[in-house]
Amino acid sequence: VCLARPDMSSGTGDALAEAVKRGEGAATKEEAIQKALECPCVEGLKTSSCGDGFVEALSCFMRAEEHERGSKCVEQFVALHACMVANADEFEEFTKELVENEEKEGYRAKASASA
């Protein structure tokens, strides 16, 4: 399911993976980012209230070396998360999907056990 609809329907993780995959094989990182952002699957995120933050976070992620992606773009992803929280109604489906994935993968149980 793509995020071409502004209601942020399910499939967000798949859409992001698809967008990044579209950029693979590009001649430069900037070309890869452009191809990823052209993917209809992320149109909903790009046109959302948090579109600028999404573009910044995805661009940073794709520019970073694979081993530093988890640390180099923290600021951009924190800002994107804050925007999504501030616009919670717009991202309700996305939030539900995150919670479902956390529960499915057992992240919530692990986090509670270590607290």
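Student: Which pattern does the chain follow, read along the sequence?

Tutor: Helices come from DSSP as runs of H or I with at least four residues, strands as runs of E with at least two, and both are numbered from the N terminus. Here the chain reads α-α-α-α-α-α-α-α, with eight helices and zero strands. Please keep in mind that this is a predicted model, where local features need pLDDT of at least 70 and side-chain atom pairs count only at pLDDT 80 or more, while totals for chains, interfaces and linings use all residues. Residues are numbered from 1 along each chain as its sequence is written, and side-chain values use heavy atoms, with hydrogens and water left out.

Student: How do I read burial, and what share of the residues is buried?

Tutor: Relative accessible area under 20% is buried, over 50% is exposed, and in between is partly exposed, using a 1.4 Å probe and protein chains only. Buried residues make up 30% of the 115 residues in this chain. For the surface, accessible areas come from the Shrake-Rupley method with a 1.4 Å probe, and for residues only the protein chains shown count as cover. The chain exposes about 7,200 Å², of which carbon and sulfur atoms supply 53%.

Student: Which residues touch the most other members of the largest nonpolar core?

Tutor: A nonpolar core is a set of buried Ala, Val, Leu, Ile, Met, Phe, Trp, Tyr and Cys residues joined through side-chain atoms within 4.5 Å. The largest one here has 21 residues, and Phe-54, Leu-58 and Met-62 touch the most other members. Helices α1, α2, α4 and α6 (74–86) are the elements that give two or more residues to this core. Take Phe-54: leaving out residues up to four places away in sequence, Phe-54 touches Leu-16, Leu-37, Val-42, Leu-45, Lys-46 and Leu-80.

Student: Is Ser-59 buried or exposed?

Tutor: Ser-59, placed in helix α4, is buried, with a relative accessible area of 7%. Beyond its neighbours within four places in sequence, Ser-59 is in contact with Ile-33 and Leu-37.

Student: How many contacts, as a percentage, join residues at least 24 apart?

Tutor: Counting contacts between residues at least 6 apart in sequence, 54% join residues at least 24 apart.

Student: How many salt bridges does the rule give?

Tutor: The rule asks for a side-chain nitrogen of Lys or Arg within 4 Å of a carboxyl oxygen of Asp or Glu. The count comes to six. One of them joins the side chains of Glu-18 and Arg-22, at 3.7 Å from N to O. These two residues are four apart in helix α1 (residues 12–23), so about one helical turn separates them. Glu-18 is partly exposed at 33%, and Arg-22 is partly exposed at 42%.

Student: Which partner does Lys-29 have in a salt bridge?

Tutor: Glu-65, with the closest N and O atoms 3.0 Å apart. This pair links distant parts of the chain, 36 residues apart: Lys-29 is in helix α2 (residues 29–37), and Glu-65 is in the loop between α4 (51–63) and α5 (69–72). Lys-29 is partly exposed at 35% relative accessibility, and Glu-65 is partly exposed at 40%.

Student: What separates Lys-35 and Glu-31 in helix α2?

Tutor: About one helical turn, because they are four residues apart in that helix. Their side chains meet in a salt bridge at 3.6 Å, N to O.

Student: How many aromatic pairs are there?

Tutor: A pair of aromatic rings is described by the distance of the centres and the angle of the planes. Rings of Phe, Tyr and Trp (its six-membered ring) pair if their centres lie within 6.5 Å; planes under 30 degrees apart count as stacked, over 60 as edge-to-face and the rest as tilted. The count here is one. Phe-61 and Phe-77 have ring centres 6.5 Å apart and planes at 85 degrees, so the pair is edge-to-face. Phe-61 lies in helix α4 and Phe-77 in helix α6, so the pair ties together parts 16 residues apart in sequence.

Technical notes. Contact = heavy atoms within 4.5 Å.
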